[in-house]
Number of protein chains: 2
Amino acid sequence: MSLLEKLEKLRESDTLPMHMPGHKRRDDGGVLPYSLDITEIDGFDDLHHRTGILKELSDKAAKLRGASSAFPLVNGSTCGILASVYALTKRGDTVIIARNCHKSVYHACEIRNLNVKYIYPPMSDDGVFLSVTPESIVTALEEYPAAKLVIITSPTYEGVISDIKSISNSVHSHGAKLLVDAAHGAHIGYSECFPQSAVSLGADISIESLHKTLTSLTQSAMLYANSGIDAEKIEYALDIFETSSPSYILFASIDKCLDIIEKDGARLFEEYSENLDAFYKSTAGLKHLEILNFTNENGAFDSDKGKLVISCKNTDITGFALAEKLRENYHIEAEAAAPSYVICITSVCDTAENFSRLAGALIDFDKSVNNIGNPNSRPVYPQAKCVYFITAAADSKETESLPFSRARGRISAEYLWAYPPGIPIIAPGEIITAKIIDYIKFCRKSGCNLIIPGRETADEISVK
Amino acid sequence: MSLLEKLEKLRESDTLPMHMPGHKRRDDGGVLPYSLDITEIDGFDDLHHRTGILKELSDKAAKLRGASSAFPLVNGSTCGILASVYALTKRGDTVIIARNCHKSVYHACEIRNLNVKYIYPPMSDDGVFLSVTPESIVTALEEYPAAKLVIITSPTYEGVISDIKSISNSVHSHGAKLLVDAAHGAHIGYSECFPQSAVSLGADISIESLHKTLTSLTQSAMLYANSGIDAEKIEYALDIFETSSPSYILFASIDKCLDIIEKDGARLFEEYSENLDAFYKSTAGLKHLEILNFTNENGAFDSDKGKLVISCKNTDITGFALAEKLRENYHIEAEAAAPSYVICITSVCDTAENFSRLAGALIDFDKSVNNIGNPNSRPVYPQAKCVYFITAAADSKETESLPFSRARGRISAEYLWAYPPGIPIIAPGEIITAKIIDYIKFCRKSGCNLIIPGRETADEISVK
């Protein structure tokens, strides 16, 4: 019986709920799923001590993924990242992370008070971080032999994939572990139409947002681990970072998502792949806009063709303006916009009609833009000079708040993120250089949303 | 327009979602709310940078609660606890916590590497922790003048309420902050039929599970803060512990829950109160079982009458057996069972019929049990002797795993919880004394579910 069927059976029963939730499973005639909403009650297992239906669900997920173990997540990939880093390190350990990691990786390092060493993947002309090279990993491991853990993102938000097989080999030969943030790669590896999954290529842990590119509900995700990982330590850490009242609506959607892959995945991924191929073909004639394709020839190891990255770097509009035009003129809501591109997320749930509607909009809009060469010359993403651990700087008691114009040469006590790509331009403990200030100016001028967590505006930054 | 109406309007629009979630809001004819499930897209605000509909929702919550600010939570009260402790302390700070705090408080202290000092509330004959006394808080603050933060649970799982007004006065006069874990008290303070809320009585922060005793969906909660709290620090910390893809299904249920309180709360809480009074009256004649009532006369400051605690301490059955009988014979699912009592959670969604069904079941079952005085004499909850910070002990590299019989005198590197009440019998860094081992034996014999996080069984424990 699926989890959803089990919840429906409970709903049809005459059992009187004298437990949480307080809505008592009473439907109100509306659309919210009150009648199926429970947390861990008798017969429905315990997320942090799985022996029943959640164990079955986890085992099914692990088997489908070809992983040793799987852990369902209800606080997004975020809690999987926090828990993995917590489980795989001790305070003060050295870790190597790709600088284009999601903020949750930085937060995980801050929590654990880690000594963070960065790898900077190359960046394309469009401002897209390309693959982390195996060579850069080897170099970093040689420079920081104490590193216990390497963390990279693959696929990235833009669908760029790194050479996990070579990277995991290098990491393992140095006795370290490889954690892959594959939040955007939940759908790959189930069909030959898409690249292989990180765990199948040797990653010790892969964390995947089932809600992003598969079919489960928002906030649901899965942590997959290989045999080199102590599952008990992961359990321990997830118990810290996840609610003790998990939603069975989310679990039911995970269960259903796994069922879809298991029973209908082959057909769905093939159709999806055909739809994507048709989309790329139909947009090949764009004159000004360009659908990016990350390959070996332009600095990528591989890519996920499901992520549509629409570049406007040679045109007279920005990615932000393109996203707005798609919204206003064509009623198409993109996932994200950057100074010179727009990201569209697609999935097996996109019909052929969805793809042709997007293609049609792009072909139509392409006529109205002007190609002006490459005016958006952009400064290089600045490399940080860290002088303190993230934790020590973020915890610092003696700081002052300064506008960026007066912060040059000072040490940041805060993060500054640009959305997108949601990667820090500054992390706590780094010297704010002239290059960084220039890059911030460029981002601001381009229309990026600059965020300092906890502040209403990003006009000033705390420094020490 | 309510958030739900806004989501429904989006559903009816012709907007093509080229963003996550991957299910693309396609309903499948089933009951899961795919068609309304989004995360932060244009026009729907940003949880970690609220300026639109989530800001309105938060302001409405704060106003209803009489708090300075409110922060909606989608990872349960757990993330509110983790974030508050993170925001209000620096590494190494001293905190005073009531020993009957939820595991998330211990985890928060572990993450922040805090110096944890305990207050032990008195325990009733039934094994229920009673109110934290203002005197014990004063004593602790005098003993540990460096303490920055005091954390207590009120109401407790069993509905016991502490004297927040006196406690907050003492805490503030020592220059510290008071955090109240009111996960079980989301419903109090909105009507004269129930006690006042923690924030209205001076708590600096109160964290409340809206899903537990109000009407929103599982995992949703709210953090309320008073004016002494730097909201930016809370924002910063919540950004760490909460998913970056929050569920708008959960937000919509929070919005609806607040609407219900605002528009219909007075009537609903009055009816609920009348139903409760009728329940207590109808069960007053129980001969063997007893509905507990925590008052000034038996060591409590006050209590939440909405939490029904059914004691069987004078009978020949345990709380575990009683819960099973309620389930099997009467199809009533209780919230939790302890050696000598059962907890039932009630809410405004419980009808008069629900209450009379429960009362009828108890009256009927009461006839079949035997009153054998007070056979369940229980050992006193053992006080811990801490020799290391939780963090240092949990992080310890040199440990061995031993059965409890051989662990006496050693220092624990792990937690041991008994469910219920979900309060640690042992935390990392504490000496495992003979009294503790006796207490564990008692719990095991009574049928408690003993859990060491990350372990399949609680037969052995890591010690150093």
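# A walk through chains A and B

Start by selecting helix α2 (residues 53-65) of chain A, which lies across β2, β8 and β9 of chain A and runs at about 120 degrees to β2(A). Contact here means heavy atoms within 4.5 Å. Axes are lines fitted to C-alpha atoms, for helices over the stretch in contact, and angles run from 0 to 180 degrees between N-to-C directions. Helices (H or I, at least four residues) and strands (E, at least two) are DSSP runs, numbered from the N terminus.

Before you go on, note that this is a predicted model, in which local features need pLDDT of at least 70 and side-chain atom pairs count only at pLDDT 80 or more, while totals for chains, interfaces and linings use all residues. Residues are numbered from 1 along each chain as its sequence is written, chains are lettered from A and ligands numbered from 1 in the order in which they are written, and side-chain values use heavy atoms, with hydrogens and water left out.

**Stop 1: the sheet under the helix**

Now colour the strands of chain A in the order β2-β9-β8-β7-β5-β3-β4: these seven form an open sheet with mixed pairing. Two strands pair if DSSP finds at least two bridges between them. At the edges stand β2 (69-73) and β4 (115-119) of chain A, each with a single partner strand, so one side of each has no neighbour in the sheet. From one strand to the next, the twist averages 20 degrees.

Zoom in on β8 (residues 205-208) and β9 (residues 221-225) of chain A, an antiparallel pair joined over four bridges. Here A:E208 stands opposite A:M222 in β9(A).

**Stop 2: a salt bridge in a helix**

Next, select A:K263 and A:D259, four residues apart in helix α9 (residues 248-282) of chain A, about one turn of the helix. Their side chains meet in a salt bridge at 3.7 Å, N to O; the rule asks for a side-chain nitrogen of Lys or Arg within 4 Å of a carboxyl oxygen of Asp or Glu. Side chains of opposite charge can pair when their charged atoms come close. Over all chains, the count by this rule comes to 50 salt bridges.

**Stop 3: where the chains meet**

Show both chains together: 101 residues of chain A are in contact with 101 residues of chain B. Between them the chains bury about 8,700 Å², 53% of it on carbon and sulfur atoms. Buried area is the accessible area (1.4 Å probe) that two parts lose on being put together, summed over both. In chain A, pick out A:L16, A:M18 and A:Y236, which lose the most area to chain B, together 9% of what that side buries.

Twelve salt bridges are found across this interface. To visit one, select B:R112 and A:D395, whose closest N and O atoms are 2.9 Å apart. On the side of chain A that touches chain B, helix α8 (residues 231-241) of chain A gives the most, with six residues.

Strands cross the boundary too: β13 (residues 332-334) of chain A and β1 (residues 16-18) of chain B pair in the parallel sense over three bridges. Look for A:E333 and its bridge partner B:P17 in β1(B).

**Stop 4: a sheet in chain B**

Finish with the open, antiparallel sheet of three strands in chain B, in the order β18-β17-β19. Its edge strands are β18 (423-426) and β19 (449-451), each pairing on one side only. The twist here averages 35 degrees from one strand to the next. Three bridges join β17 (residues 416-419) of chain B to β19(B), where B:N449 is the bridge partner of B:Y419.
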